[in-house]
Amino acid sequence: MTLGEEEHLRREAAAWFARMRGPGAQTARPDFDAWRAAPGRQEAYDRLVRRYEESAILGHSKLSDLRLRTSASRRGPPPAAWWAASAAGLVVAIALVTVSPWPILPDDQPPQQRLAAGAGQIRSLSPAPGLTVVLDADTVLLASSERGRSRLVLERGRARIHARGPVDVQAGAMRVMGQDAAFDLRLSERSVEVSALSGSLEARRDRHPLISGRTRLQPGQALILADDRLGPPTRAAGRERQWPQGLRLYQDTPLAEVLTDANRYGARKIRLADPALGSLQVSGALKVTDPDGLARALAAALSLTVTQLPGGDLALSRRGA
């Protein structure tokens with residue numbers, strides 16, 4: 001066998017090594033058996049497996065290290081030469097596994113779906129039977145399922161979760177566990193907040209193995225984790241109840257704050273011709289995902305005028321200004 005043929009065979013063996021340790025290994029088993037039935041392939045695959053196992057042993061066991069060194073010395077070649085050749089072969093195998101199209105995942109790590117809503121979006125998705133999630137703008141959620149339990153990781157943003165059956169959610173340092181539950185979960189740089197809507201729900205501060213207490217939430221209650229402290233259950237803010245429909249309930253809220261909410265959605269923004277208008281107080285249920293309708297509603301309620309700017313944005317100004 002030429003050097004080129006040996007290198008090709010080693011690459012094939014490395015690819016199969018990665019594939020048979022990743023997801024879908026059982027499905028690929030018939031093709032793998034057919035591949036290794038040809039002459040020389042099983043030997044190449046076994047050599048790669050031995051090198052992988054030996055590297056793991058040498059990294060974790062001094063006794064195994066001693067036994068391998070003794071065995072190598074009995075075979076004749078100088079230990080330094082044997083280790084140099086072994087290391088070179090192992091580096092090649094690891095490099096080939098790294099670029100393989102089949103990722104090596106831990107055996108206990110279920111495959112995850114990455115769900116995301118971009119800027120200005122509110123998305124409703126059903127990643128698994130019995131599970132529906134609504135993602136607010138600029139939100140990323142990882143979803144997987146293990147033994148009938150939905151497992152979610154909120155990486156950023158806000159999500160509404162409806163689960164029939166058990167669900168387990170991680171958001172920053174908070175872990176939320178529910179059964180036939182609906183709840184909102186928001187993750188920001190400094191805090192995590194969960195609001196219970198229905199069903200059975202518990203939350204606890206995670207990443208603290210000495211703290212095992214859980215807080216049970218009733219529908220209508222909220223819990224906030226801030227500065228590494230888990231506060232007591234409080235009444236959930238009613239103004240956020242209908243956010244998946246783009247609705248917000250405001251009560252004596254500064255106009256500037258309302259526009260901050262609204263400008264997270266849609267390409268058209270609502271501006272203030274005079275920054276002093278930002279202190280005007282707004283009350284009522286408003287659809288913040290509809291900039292044209294919102295601008296007209298605000299203008300009517302606050303005696304303002306709406307104009308369209310050259311770039312397409314909308315401006316609110318005092319009448320007669």
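Let's start with strand 2 (residues 123–128), which pairs with strand 3 in the antiparallel sense over 4 bridges. Two strands count as paired if DSSP finds at least two bridges between them. Strands themselves are DSSP runs of E with at least two residues, while helices are runs of H or I with at least four residues, and both are numbered from the N terminus. This is a predicted model, where local features need pLDDT of at least 70 and side-chain atom pairs count only at pLDDT 80 or more, while totals for chains, interfaces and linings use all residues. Residues are numbered from 1 along each chain as its sequence is written, and side-chain values use heavy atoms, with hydrogens and water left out.

Look across from Leu125 and you'll find Val133 of strand 3 standing opposite. The hairpin of strand 2 and strand 3 has 2 residues between the strands, and Gly130 there takes a positive phi near 80°.

## Strand 3 and its other partner

Strand 3 also runs antiparallel to strand 5 (residues 149–171), and 5 bridges join the two. Here Leu131 stands opposite Ala163 in strand 5.

How covered is strand 3? Mostly: of the 5 residues in strand 3 (residues 131–135), 4 are buried. Buried means under 20% relative accessible area, exposed means over 50%, and partly exposed is in between, using a 1.4 Å probe and protein chains only.

Next stop: Leu272, in strand 13 (residues 270–272). With a relative accessible area of 23%, Leu272 counts as partly exposed.

Which residues does Leu272 touch, leaving out those up to four places away in sequence? They are Leu255, Leu259, Leu277, Gly278 and Leu316. A contact means heavy atoms within 4.5 Å. Leu272 and Leu314 are 42 residues apart in sequence, but their C-alpha atoms are 8.5 Å apart in space.

## A charge over a ring

Arg158 lies over the face of Trp243, at 4.5 Å from the ring centre. To count, NZ of Lys or CZ of Arg has to be within 6 Å of the ring centre and within 35 degrees of the ring normal.

## The whole chain

Zooming out, the chain has 7 helices and 16 strands. Buried residues make up 37% of its 321 residues. Among contacts between residues at least 6 apart in sequence, 46% join residues at least 24 apart.

The accessible surface of the chain comes to about 18300 Å², and 52% of that belongs to carbon and sulfur atoms. Accessible areas come from the Shrake-Rupley method with a 1.4 Å probe, and for residues only the protein chains shown count as cover.
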